[in-house]
Amino acid sequence: MARSYVVRTFGCQMNEHDSERIAGLLEADGLVPVDDEAAADVVVLNTCCIRENADNKLYGSLGWLKQWKEAGADRQIVVSGCLAQKDRDLVAHKAPWVDVVLGTHNVHRAAELVQHARTHGQVTEIFDAAVIDDHALFPSALPAKRDTAYNAWVTIQIGCDNHCAFCIVPAVRGTELSRPFDEVVAEVHALAADGVTEVTLLGQNVNSYGRDLQLAARQGGDAQARLRPLFADLLGAVSAVPGIRRVRFTSPHPKDMRPETFAAMAASSSVCEHLHYPLQSGSDRVLAAMHRGYTAQRYLARLGEARAAVDDLAVSTDIIVGFPGETDDDFARTLEVAAAAEYDYAYTFIFSPREGTEAAAMTDRFIEPAVAAERFQRLRVVVERSALAKHLARVGRVEEVVVEGPSKKDPSVQSGRTRQNKLVHFPAEHPLRVGSYALVEVTSAAPHHLMGRFVELVAEPTHRRRIPVLAG
Ligand code: SF4
């Protein structure tokens, strides 16, 4: 009988994408997926060290998985992801019943190591980026088990060359490496041939894509190095792939945002009108302490350029409240910038230290939890005000949505996602095929979603400038 597996993912899109690859590799090795641990022979915990209490969550899960493992012969536990990369031998030391500890740079070894551990016992294998070959570096080059057939993540870059004081990513994911241009485009062609219509280009700092390739070419004596493609070129090439109806990307860094990117977004009807544009703080003093590389004024100026270039652009952001040393005045600047930016939505976080980061050592400037919590609530009010205003402005419009299936909260209605990445719930007489495209008239709005009325299915992409506005 085939062995079975389940993957639990704690983390960002990059982690989820790695999980797809681990699942793909295990299935290529003959394992079958199951929904829960009780039915599994192999449990993979794909960890994240960006999220709060990541260590507690991991070791808490490993605590009860010890009993799970003891209850069945040939059961195996795999710990992968950022926390495995960061903690290395510590995972096996703290939880000696773990079978495989796998880093972020050797996802491609998942199936082999699971097999190896069955006969040889526990194995910890953490690669540093520099020692592996190009194809192993990029998880997109591996087989994948995607949850949905119509959309896919495509890794275009791994690692990060920035040093944001609060972030552990550069320490665990290494320096920035861009995936070769042709390889990215070829993968998107293959995905389109496989029925994928929406791709999300993934990287820690996507708009610096290609800089390392340019530099390497220059160092190699290539006189044409400066002509090597950058992110805007990649966006253009990917969006031109036949069959691809929607292109998204995440995350760009405001300091590296270029007019060419906005021009590429505007020029291609398949690039969605959504920009995730992380602010982090509206105070120049805090931004400098975070090493973000831009001021609030420059941030807003670039945002203005983006909105001028791309019609009907939705903008989301990340904001940290209570960064060490943040004063009332600093926080007031954040409220001002958030109000001026008029976000469609925001991921807001109360600062919590990540071990190993510069900010974690600023203990003498930590903000009282009650103060941070109160600021967090005030920021939420500002963000929800603009989110609701943006949503109300869409009432009466007909939007193209890609159908995601029945709503999680109310299965009697369907959910779909607009090009602006807005969730729309709408009743439909019959369940619609997941991944189909439909027109929906927006009938009401809330800060986090829209409600609508199903109009019709669409076979061809609706060009954004031709979506009608219904009267009334
Ligand atoms: S840009 Fe800053 S926040 Fe983003 S991954 Fe790099 S260091 Fe972390």
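This is a predicted model: local features need pLDDT of at least 70, side-chain atom pairs count only at pLDDT 80 or more; totals for chains, interfaces and linings use all residues.

Colleague: Which strand does Pro406 lie in?

Modeller: Pro406 lies in strand S15.

Colleague: And how are S15 and S16 joined?

Modeller: Five bridges join S15 to strand S16, residues 413-418, and the two run antiparallel. They form a hairpin, with six residues between the strands.

Colleague: Back to the proline. What is Pro406 in contact with, leaving aside its neighbours within four places in sequence?

Modeller: Pro406 is in contact with Pro411, Gln414 and Pro431. As for Leu432, it is 26 residues from Pro406 in sequence, and the two C-alpha atoms are 8.6 Å apart in space.

Colleague: Why does Pro406 count as partly exposed?

Modeller: Because Pro406 has 17 C-beta neighbours inside 10 Å, whereas a buried residue would need 20 or more and an exposed one 12 or fewer.

Colleague: What does S16 pair with on the S17 side, and in which sense?

Modeller: S16 pairs with strand S17, residues 423-427, in the antiparallel sense over five bridges. Within that pair, the bridge partner of Ser415 is His425 in S17. S16 and S17 form a hairpin with four residues between the strands, and in it Asn421 takes a positive phi near 70 degrees.

Colleague: What do five strands, these among them, close into?

Modeller: They close into a barrel, in the order S15-S16-S17-S19-S18, with mixed pairing. From one strand to the next, the twist averages 50 degrees.

Colleague: How many bridges join S15 to S18?

Modeller: Five bridges join S15, residues 398-406, to S18, and these strands run antiparallel. One example is Glu399, whose bridge partner in S18 is Val440.

Colleague: Let us turn to the helices. How far does H15 reach from its first C-alpha to its last?

Modeller: H15 covers residues 369-392, which is 24 residues, and reaches 34 Å, close to the 34 Å expected at 1.5 Å a residue.

Colleague: Which residues of H15 are buried?

Modeller: They are Ala372, Arg375, Leu379, Val382, Val383, Ser386, Ala387 and His391.

Colleague: At what angle do H13 and H14 pack?

Modeller: H13, residues 296-309, packs with H14 at an angle of about 10 degrees, and their axes are 11 Å apart. An angle under 35 degrees counts as roughly parallel, so H13 is roughly parallel to H14.

Colleague: Which residues meet there?

Modeller: From H13 there are Ala296, Leu300 and Leu303, which meet Arg333, Val337, Ala340 and Ala341 of H14. By class, the contact has six nonpolar residues, one charged residue and no polar ones.

Colleague: Now some backbone geometry. Where is the peptide bond that is cis?

Modeller: The bond from Thr250 to Ser251 is cis, with omega near -5 degrees. Thr250 lies in strand S11, and Ser251 lies in the loop between S11 (246-250) and helix H11 (259-267).

Colleague: What surrounds Thr250, apart from its neighbours within four places in sequence?

Modeller: Thr250 is in contact with Gln13, Thr200, Leu202, Val206 and His276. With 19 other C-beta atoms within 10 Å, Thr250 is partly exposed.

Colleague: And what of Arg88, where phi is positive?

Modeller: Phi of Arg88 is about 45 degrees, although the residue is not a glycine. Arg88 is found in the loop between helix H3 (82-87) and helix H4 (89-94).

Colleague: Where is Gln280 placed, and is this residue buried or exposed?

Modeller: Gln280 is in the loop between strand S12 (274-276) and helix H12 (284-290). Gln280 is buried, with 22 other C-beta atoms within 10 Å, while Arg88 has 15 and is partly exposed. Phi of Gln280 is also positive, near 75 degrees, in a residue other than glycine.

Key:
Residues are numbered from 1 along each chain as its sequence is written. The expected span of a helix is 1.5 Å times one less than its number of residues. Two strands pair if DSSP finds at least two bridges between them. Axes are lines fitted to C-alpha atoms, for helices over the stretch in contact, and angles run from 0 to 180 degrees between N-to-C directions. Angles under 35 degrees count as roughly parallel, over 145 as roughly antiparallel, 65 to 115 as roughly perpendicular and the rest as oblique. Two residues are in contact if their C-beta atoms, placed from the backbone, lie within 7 Å. Ala, Val, Leu, Ile, Met, Phe, Trp, Tyr, Cys and Pro count as nonpolar, Asp, Glu, Lys and Arg as charged, and the others, Gly among them, as polar.
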